[in-house]
Each structure stands twice: as structure tokens, then as C-alpha cells.
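Let's walk through this model together, one region at a time. Keep the sequence and the 3D view open side by side as you read.

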Amino acid sequence: MATKINVRSPFYIKPTNGSLVSATMQLYIYTGVFTTNKPASAQYTITKNEIDNNNYVVFEVSELVRDYIDIEFDGEYDSQTVWVESDITMYNAADGGGSSVGTSNTDYIAFDGYGYFHEGTNPELSRGLLLSNNTIFRLNYDNVRIPVFTEDTNSVTFLYKGEEKRTQTVSSSTNTNGQIDYITVSGLDDNDTYRERVVNDGGTLEDSDCLDLFLRSYNIGEVDEVIINTDAGVEVVKINTIYECKYEPYKVTFVNKYGALQDLWFFKKSVESTNVTSEQFKASIFDQSTLSYKTYKHQQQSFLAQGKDRITMNTGYVNDDHNAVLEELLLSEQVWHTEITDTEERVIPVIPQTKSITYKTSVNDKLANYTVDFEHAFDKINNIR
């Protein structure tokens with residue numbers, strides 16, 4: 001139906017014709033139903049001339065397309081992609097003049113993903129499973145969520161000790177909101193825990209240590225293996241369930257290299273802090289009429305005081321498979337962590353402040369724990385105007 005492209009990396013379109021002197025591309029970008037919701041006019045019209053009589057031109061469109069992908073996360077896991085259509089007319093004279101010598105019309109489905117240098121130009125990353133890791137470390141009372149590209153995926157099966165717990169058939173879609181499907185063991189796409197389900201349904205949880213202890217011991221869906229049947233073959237994801245009794249775990253959600261939302265749990269010690277910045281000036285507090293001043297007034301005055309909250313998180317012990325996850329987390333441009341209180345679910349935008357990481361392996365380090373610093377992506381004092 002459409003070629004998959006990842007627009008955080010360059011994407012090149014190269015029309016070629018033996019009589020080509022110039023080419024004009026009309027680029028259509030839209031959401032909704034394929035072709036049905038295509039706009040009446042193109043967002044971009046670009047004309048380029050050939051160089052050195054080589055009978056081709058090259059258009060690079062990824063930055064133009066990415067302007068129309070606005071990734072949002074409010075606790076709901078949605079497919080956020082766009083359709084792209086390039087209509088190219090080739091001409092036998094410069095600047096789109098002369099006569100047409102050919103046309104080329106191609107459809108694409110664009111994800112906010114990227115390829116690495118070694119993956120070459122126009123990385124399609126065509127696979128059903130939209131994860132780089134084949135091991136997931138889940139909190140015992142948390143859902144398991146598997147993002148898949150629906151066009152390349154047939155079904156997802158959850159197993160526990162070899163017994164099938166749930167199978168979901170996956171169907172392709174002609175709508176942008178159906179290109180990525182987040183398959184869960186519970187069947188509930190947007191609720192991870194019992195606490196989250198109560199809050200999102202408008203309920204209130206009793207503030208009780210006993211209730212909190214019970215909810216932490218409740219397993220929302222026992223699973224230790226996920227089988228993803230794709231057009232290219234079978235992918236297997238192992239699930240390691242963690243029971244954390246001492247620390248408050250944090251769930252971090254980020255956009256991974258495939259343009260899908262991915263959850264990563266930090267199970268161990270976390271430290272919260274606030275950094276404050278301000279300017280100062282020396283005020284005149286002397287009263288010449290009385291030849292005195294008030295000793296309780298500030299001679300040094302502060303202004304433009306503002307703060308930023310930070311939190312340092314630890315993953316707990318993970319395997320080598322999670323090196324890729326940490327790498328994609330630090331390379332992500334959209335990251336959030338979720339807090340669940342007795343009355344609300346708060347999704348907090350954050351920016352990873354850890355800019356370098358030393359990867360650990362089971363051979364060199366035996367056990368690997370990663371520490372990541374995050375800063376809230378907003379000022380502590382509301383200054384939105």
C-alpha cells in the first residue's frame with residue numbers, strides 16, 4: 001500500500017529519465033484515511049534542475065514531512081504517523097519548462113523514527129515488532145505493552161510457563177491511527193495497573209498502607225514470553241517480572257528509533273532535587289530624610305528566581321539486551337515519566353540530562369545497573385504567557 005519511511009533520518013527521492021532537465025515535485029502530507037483524506041492542494045511544490053546533464057534530480061523530504069508529525073503522550077498510546085504522497089513531473093527544459101517526459105507518483109507512511117549510520121540511506125526498518133530489545137523487565141503489577149507495525153504483523157500471543165494466556169489478531173489499517181498497535185497482555189491499551197484504571201475511570205483510591213501493599217502484590221497479567229508473528233517470521237520477546245518491595249518504581253515512556261512509544265521501568269533508588277537560579281542587584285535602602293535605613297529590608301535583592309526539578313533514577317539489574325534501550329532513550333527527543341497518585345495520573349515531560357553512558361555486559365560486569373538523570377521539561381514556577 002505504502003512504503004514505510006523514518007523521517008528523523010534523511011529520505012531521498014530520485015526521479016530519473018533520459019530526457020530529464022528539471023522535475024517538479026508536489027508533496028502531500030496528511031492524517032486519516034489513505035487517499036480519502038488527502039488534501040486538495042499540496043503542502044509543498046518544489047522544482048529542481050539537473051546538474052551536469054545527469055538526467056536526474058534528488059529531493060530530500062524528511063524534514064518537510066517531520067514538521068507534520070507532532071508526537072504527544074498523555075497516558076494514551078496512540079499511533080502517530082502521517083501519509084505522504086509525492087507526485088513528480090519530469091520536464092525536458094529547465095525550471096519546469098518545456099514538455100513533460102514522465103511522471104512518478106509514490107505513497108509513503110512516515111514514522112518519527114531513524115536509522116543508524118551503518119543502516120545506510122533511506123532506512124525503512126521494515127519489521128513487525130517495533131522494539132530493538134527482545135527482553136522486557138516489567139513491574140509485577142504493570143501491563144506488558146508490545147508496539148507493532150500492523151501492516152507487517154499477523155498476531156501477538158502471550159504465554160506463561162508455556163501456556164497461552166491471550167492471543168490477539170492484528171489487521172492492517174488504511175488509517176494513520178491504526179499503523180501502530182500497542183498490544184497488551186491485559187487487553188487494556190492505556191491502563192497499566194489497577195490503580196491507574198481506578199483513577200482514569202474517575203474513582204478515588206483510599207490512602208491505605210494495607211491497600212497499597214495489596215495492589216503492589218497483584219499481578220495484572222502473568223506472562224513470561226510473547227510471540228509476535230510477522231510477515232518476515234516469528235519474533236520472541238522474553239518477559240522478566242520484577243517484584244520491588246523497597247523502592248518506588250518509575251515508568252519512563254519515550255519515542256524509540258522506530259517512532260513508537262516504549263516503556264522502560266526504573267526499579268531501584270531514585271533521588272529528587274530542585275535547582276534554583278536567580279539574578280541579584282544591590283538596592284538603595286538608605287532614607288536621606290531620616291539619615292537611617294530599615295535593617296529588615298534587603299540590601300541584596302533577588303529577581304527572576306526560577307527552579308527546575310530533577311530526578312535521578314536507577315534501572316536495577318538488566319541484561320545486555322537493554323544497552324539498545326538505554327541508547328534509544330538518550331537519543332529520544334520526547335520522553336515522559338508517569339506518576340500515579342490517589343486521585344490522578346500525571347504524565348510529566350522530562351529531558352534526559354545524562355549525555356554519555358558506558359555500556360555494560362554480562363561478561364565484563366556480571367550485573368548491570370544504569371543511572372540516568374532527568375530534568376523536568378518546564379520551569380517550576382508557572383510562567384506560561
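## A buried methionine

Met-313 is buried, with a relative accessible area of 1%; buried means under 20% relative accessible area, exposed means over 50%, and partly exposed lies in between, with a 1.4 Å probe and protein chains only. This is a predicted model, in which local features need pLDDT of at least 70, side-chain atom pairs count only at pLDDT 80 or more, and totals for chains, interfaces and linings use all residues. Residues are numbered from 1 along each chain as its sequence is written, and side-chain values use heavy atoms, with hydrogens and water left out.

You will find Met-313 in strand 20, which covers residues 300–318. Strands (E, at least two residues) are DSSP runs numbered from the N terminus, as are helices (H or I, at least four). Which residues is Met-313 in contact with, leaving aside its neighbours within four places in sequence? They are Tyr-250, Val-252, Phe-266, Lys-269, His-337, Tyr-370, Thr-371, Val-372 and Phe-374, where contact means heavy atoms within 4.5 Å. Trp-265 is 48 residues from Met-313 in sequence, and their C-alpha atoms are 9.5 Å apart in space.

Next, look for an open sheet of 5 strands in the order 8-14-13-10-11, with mixed pairing. Two strands pair if DSSP finds at least two bridges between them. The edges belong to strand 8 and strand 11 (163–169); each has a single partner strand, so one side of each is left without a neighbour in the sheet. On average, neighbouring strands here are turned by 25 degrees against each other, direction ignored. For these angles, axes are lines fitted to C-alpha atoms (for helices, over the stretch in contact), and angles run from 0 to 180 degrees between N-to-C directions.

Strand 13 (residues 225–230) has 5 of its 6 residues buried, so it is largely enclosed by the rest of the structure. Strand 10 (residues 153–160) runs antiparallel to strand 13, joined by 6 bridges, and Leu-159 has Glu-225 as its bridge partner in strand 13. Strand 14 (residues 233–242) also pairs with strand 13 in the antiparallel sense, over 6 bridges. Strand 8, in turn, runs parallel to strand 14, with 5 bridges joining them; here Ile-136 is partnered by Ile-239 of strand 14.

## The cavity

How many cavities of 30 Å³ or more does the structure hold? It holds 1. On a 1 Å grid over the protein atoms alone, a cavity is a set of points where a 1.4 Å probe fits but cannot get out, and lining residues have an atom within 4 Å of a point. About 200 Å³ of space lies in the largest cavity, the volume being the space filled by probe spheres set on grid points that are joined across faces, edges and corners.

The largest cavity is lined by 19 residues, and the closest to its centre are Ile-136, Arg-145, Gln-262, Asp-263 and Leu-264. Strand 8 (135–139), strand 9 (145–149) and strand 16 (261–266) are the elements that give two or more residues to the lining. Strand 16 provides the largest share, 5 residues. By class, the lining has 10 nonpolar, 5 polar and 4 charged residues. Here Ala, Val, Leu, Ile, Met, Phe, Trp, Tyr, Cys and Pro count as nonpolar, Asp, Glu, Lys and Arg as charged, and the others, Gly among them, as polar.

An open sheet of 5 strands has the order 1-7-6-3-4, and its pairing is mixed. Its edge strands are strand 1 (3–6) and strand 4 (44–49), each pairing on one side only. Neighbouring strands of this sheet are turned by 30 degrees against each other on average, direction ignored.

Strand 3 (residues 22–30) and strand 6 (residues 82–91) run antiparallel and are joined by 9 bridges. Within this pair, Tyr-28 has Glu-85 of strand 6 as its bridge partner.

## Two loop residues with positive phi

Lys-161 sits in the loop between strand 10 and strand 11. Its phi is positive, about 55 degrees, although Lys-161 is not a glycine. Is Lys-161 buried or exposed? At 67% relative accessibility, Lys-161 counts as exposed.

Leu-291 lies in the loop between strand 18 (286–287) and strand 19 (292–293). Phi of Leu-291 is near 50 degrees, a positive value in a residue other than glycine. Leu-291 is exposed, with a relative accessible area of 67%.

Note on methods
1 Å grid on protein atoms, 1.4 Å probe; cavity = no way out; pocket = protein on both sides within 12 Å on 5 of 7 lines; lining within 4 Å.
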